[in-house]
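Look at the model below.

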Amino acid sequence: MRSGVTIFPGSNCDRDIIVALKEISGKTPIKMWHKDTEFPNLDLIVIPGGFSFGDYLRCGALAARSPIIKNIKNHISRGGAVLGICNGFQILIEAGILPGSLIRNEKLLFTCRKTVLEIQDSMISPFLSGLKKGQYLNIPVAHNEGNFFASETLLNELKNEGRIAFKYVKEANTDDDYNPNGSCNDIAGILSKNGKVLGMMPHPERAINNLHGGTDGLKFLSKTFEKLIG
């Protein structure tokens with residue numbers, strides 16, 4: 001299993017996902033600076049969270065124009081898998097790799113908290129094939145612009161094509177504030193048309209140890225690795 005993690009000026013979750021991937025695979029992912037224009041063939045590229053280029057203009061807008069993006073698109077065209085987490089999701093949208101928009105949280109406040117995700121009835125994807133429809137995952141979020149917005153036409157398209165990966169759901173015996181950002185239809189993550197690219201706002205790399213309060217992120221990432229290796 002060959003994996004790489006992109007690093008932009010302002011990335012702050014690259015070390016976390018590198019630690020998580022190394023724990024799962026036993027191999028350290030390669031670090032890919034945003035100006036790199038060459039890297040070896042990989043099975044998985046992860047675009048981590050953070051505040052690339054200080055979130056100037058729009059979150060991910062400058063990073064989406066970095067030299068490495070062309071190579072990431074080439075990787076995708078060859079059938080390679082890409083996981084964009086939080087700011088990585090924003091970058092994928094700004095680069096035109098995934099559709100929709102990620103705008104300011106509904107309450108206009110930064111939110112950092114646990115969320116409960118429900119696996120949706122999705123298309124075949126290496127990111128979800130090891131998980132069951134309706135399964136819950138407890139994974140935290142930390143963002144200011146995570147409100148997924150899309151037209152009704154696009155929302156219907158995503159649903160009909162099985163491209164909604166996760167939704168925020170209400171946990172038993174909790175209040176109604178289960179959606180941390182106001183995303184349309186409670187969407188927390190979406191897939192590309194071939195299922196090989198996943199953008200998600202929650203941070204699985206922050207849920208890989210019981211000291212984090214749970215290991216559902218480790219469960220999710222491990223299942224992904226198993227599918228990519230298999």
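Is Phe 166 buried or exposed? With a relative accessibility of 0%, Phe 166 counts as buried. Buried here means under 20% relative accessible area, exposed means over 50%, and partly exposed lies in between, with a 1.4 Å probe and protein chains only.

This is a predicted model: local features need pLDDT of at least 70, side-chain atom pairs count only at pLDDT 80 or more, and totals for chains, interfaces and linings use all residues. Residues are numbered from 1 along each chain as its sequence is written, and side-chain values use heavy atoms, with hydrogens and water left out.

Start with the aromatic rings. Rings of Phe, Tyr and Trp (its six-membered ring) pair if their centres lie within 6.5 Å; planes under 30 degrees apart count as stacked, over 60 as edge-to-face, and the rest as tilted. This rule gives two aromatic pairs. In one, Phe 89 and Phe 148 have ring centres 6.3 Å apart and planes at 15°, so the pair is stacked. Phe 89 sits in helix H3 (residues 87-94) and Phe 148 in strand E8 (residues 147-149), so the pair ties together parts 59 residues apart in sequence. Helices (H or I, at least four residues) and strands (E, at least two) are DSSP runs, numbered from the N terminus. Phe 89 is buried, at a relative accessible area of 1%. Phe 148 is buried too, at 1% relative accessibility.

Phe 166 and Phe 220 form an edge-to-face pair, 5.8 Å centre to centre with 75° between the planes. Phe 166 belongs to strand E9 (residues 164-168) and Phe 220 to helix H5 (residues 216-229), so this pair links parts 54 residues apart in sequence. Phe 220 counts as buried, at 0% relative accessibility.

Now the core. A nonpolar core is a set of buried Ala, Val, Leu, Ile, Met, Phe, Trp, Tyr and Cys residues joined through side-chain atoms within 4.5 Å. The largest one has 62 residues, and those touching the most other members include Phe 127, Phe 148, Phe 166 and Phe 220. In soluble globular proteins, nonpolar side chains tend to be buried together.

Next, follow the contacts (heavy atoms within 4.5 Å). Leaving aside neighbours within four places in sequence, Phe 127 is in contact with Leu 83, Leu 198 and Phe 220, among others. Leu 128 lies in the loop between E6 and E7. Leu 128 is buried, at 4%. Beyond four places in sequence, its contacts include Ala 165, Phe 166 and Leu 191. Gln 120 is in the loop between strand E6 (111-119) and strand E7 (136-143). Gln 120 is buried at 17% relative accessibility. Among the residues Gln 120 touches, not counting those up to four places away in sequence, are Lys 133 and Phe 166.

In H3, seven of the eight residues are buried. Gly 96 follows H3, with a positive phi near 80°. In helix H2 (residues 68-77), the buried residues are Ile 68, Ile 69, Asn 71, Ile 72, His 75 and Ile 76. These cover an arc of only 160° around the axis, which puts them on the same side of H2. The arc is that of the directions from the helix axis to the C-beta atoms. The face turned away from the buried side of H2 carries exposed Lys 70 and Ser 77. Packing partners of the buried H2 residues include strand E1 (3-7), strand E4 (81-85) and H3. Gly 79 follows H2, with a positive phi near 95°.
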